[in-house]
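Student: I have a model open and would like to learn how to read it. Where do we begin?

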Amino acid sequence: MYEGKEEVKVFETVKLYAFELACRLFMSLEEADHIAKLGSLFNVFLKGVVELPIEFPWTRFYSVKKAAAAIRTELMMIIKARRVELEEGKASASQDLLSHLLTSSDENGRYLTEKDITNNILLLLFAGHDTSTVSITLLIKSLGEHPDVYDKVLKEQLEISKAKEVGELLKWEDKRKMKYSWNVVSEVMRLHPPVTGAYREALEDIEYAGYTIPKGWKCMSLDDLIYNQLSPNDALSLVTHMSE
Ligand code: HEM
């Protein structure tokens, strides 16, 4: 991917990698053209996650809705094809997320509808790949800016890889040894929260710091403000309040 190149565009490269990985893990998609087609629809879709809902052919919201519909159609075709493969014994029930969603039922024996499965996969593709892409990109940028930290991360990673056989995969215990690396990742995410914030609705009147948030109001938490601009005590008290 980067061999023989003077420059690598980290964001685009990581994004493609994370999307391919998500497609592979969730739906066992392998074909590059198929993933690229879904990926380009996703890029249009992601641009409009926070967008004014004004629907005319020249607005971004319109093209985003069209892209979301095209993704759903594509996912529906993948789901139908997998159902047939499962019936014919050409796919296994434990092979990936898609097979699990198609073959698992609740305690009353009810299965998810194809529409529910489409929405679940759409949510996970979105929630799983965009966040990871932003976090990894910011991590690489921060390591580039702090060579002393980079050296320590590299040392820890090399120690773990030295203890492994050639081709042996990482295990959970290996991940638990990455204490310094994990602290670096956590600090990067604190300094640059990959998600701007989250929406909540007040289910009852809430009093905080002398203010009242009336029942029914929609609120948005701004993570950069919470983690970087408030004192640690105020941040903790606010986060605890929000999660109650
Ligand atoms: C560094 C990586 C990630 C970050 C920073 C991140 C961040 C977040 C945040 C802030 C929320 C809360 C949103 C809210 O409360 O409104 C959330 C929810 C969620 N995330 Fe992640 N996430 C990451 C990776 C992933 C991955 C890899 C997956 C799946 C494979 C995932 C799946 C989800 C799901 C399913 C939800 C719940 C959505 C809902 O029920 O509304 N996330 N994530």
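Student: Of the 244 residues of the protein, what percentage count as buried?

Tutor: This is a predicted model, so everything here is computed from it. Burial is a neighbour count: a residue is buried if 20 or more other C-beta atoms lie within 10 Å of its own. Of the 244 residues, 12% count as buried.

Student: What does the secondary structure of the protein come to?

Tutor: There are 10 helices and four strands. Along the sequence the pattern runs α-α-α-α-α-α-α-α-β-β-β-β-α-α. The C-alpha atoms fill a box of roughly 60 × 55 × 45 Å along the principal axes.

Student: What share of the contacts in the protein comes from residues 24 or more positions apart?

Tutor: Take the contacts with a separation of 6 or more. Residues 24 or more positions apart account for 48% of them.

Student: Now the ligand. Which residues are around the ligand?

Tutor: The shell consists of L123, L124, A127, G128, T131, S132, S135, P194, V195 and A198. Seven residues come from helix 5, residues 114–145, and that is the largest share of the shell.

Student: How many residues of the shell around the ligand are nonpolar, polar and charged?

Tutor: Six are nonpolar, four are polar and none is charged.

Student: How do I read a helix pair?

Tutor: Two packed helices are described by the angle between their axes and the distance between the axes. Here, helix 5 packs with helix 8, residues 179–191, at an angle of about 105°, with the axes 10 Å apart. Angles of 65 to 115 degrees count as roughly perpendicular, so helix 5 is roughly perpendicular to helix 8.

Student: Which residues of helix 5 and helix 8 make the contact?

Tutor: Helix 5 supplies S135, L138, L139 and S142, and helix 8 supplies V185, V188 and M189. By class, the contact has five nonpolar, two polar and no charged residues.

Student: What do the ends of helix 5 look like?

Tutor: Take E114 and E145. E114 is in helix 5 and counts as partly exposed because it has 15 C-beta neighbours inside 10 Å. Leaving aside neighbours within four places in sequence, E114 is in contact with M76 and I79. E145 is also in helix 5. With 9 C-beta neighbours inside 10 Å, E145 counts as exposed.

Student: How many Å separate E145 and N119, C-alpha to C-alpha?

Tutor: They are 39 Å apart in space and 26 residues apart in sequence. For E114 and V149, the figures are 47 Å and 35 residues.

Student: Let us turn to the strands. Which way do strand 1 and strand 4 pair, parallel or antiparallel?

Tutor: First the general idea. In a regular strand the side chains alternate between the two faces of the sheet. Now the case here. Strand 1 and strand 4, residues 218–222, pair in the antiparallel sense over five bridges. G197 stands opposite L222 in strand 4.

Student: Why does strand 1 lie largely in the open?

Tutor: Count its buried residues. Strand 1 covers residues 197–201, and of these five residues the number buried is zero, so it lies largely in the open.

Student: And strand 2?

Tutor: Look at I206, which lies in strand 2. I206 has 17 C-beta neighbours inside 10 Å, so it counts as partly exposed. I206 and H146 are 60 residues apart along the chain, and their C-alpha atoms are separated by 42 Å.

Student: Next, backbone angles. Where is A209, which has a positive phi?

Tutor: A209 is in the loop between strand 2 (206–208) and strand 3 (211–213). Its phi is about 50°, although A209 is not a glycine. With 8 C-beta neighbours inside 10 Å, A209 counts as exposed.

Student: What is phi of S28?

Tutor: Near 55°, a positive value in a residue other than glycine. S28 lies in the loop between helix 1 (10–27) and helix 2 (32–46). S28 counts as partly exposed because it has 17 C-beta neighbours inside 10 Å.

Student: Which residues is I35 in contact with, leaving aside its neighbours within four places in sequence?

Tutor: F19, E20, C23 and L29. I35 itself is in helix 2. I35 is partly exposed, with 18 other C-beta atoms within 10 Å.

How values were computed
Residues are numbered from 1 along each chain as its sequence is written. This is a predicted model: local features need pLDDT of at least 70, side-chain atom pairs count only at pLDDT 80 or more; totals for chains, interfaces and linings use all residues. A residue is near a molecule or strand if its C-beta atom, placed from the backbone, lies within 6 Å of it. Helices (H or I, at least four residues) and strands (E, at least two) are DSSP runs, numbered from the N terminus. Ala, Val, Leu, Ile, Met, Phe, Trp, Tyr, Cys and Pro count as nonpolar, Asp, Glu, Lys and Arg as charged, and the others, Gly among them, as polar. Two strands pair if DSSP finds at least two bridges between them. Axes are lines fitted to C-alpha atoms, for helices over the stretch in contact, and angles run from 0 to 180 degrees between N-to-C directions. Angles under 35 degrees count as roughly parallel, over 145 as roughly antiparallel, 65 to 115 as roughly perpendicular and the rest as oblique. Two residues are in contact if their C-beta atoms, placed from the backbone, lie within 7 Å.
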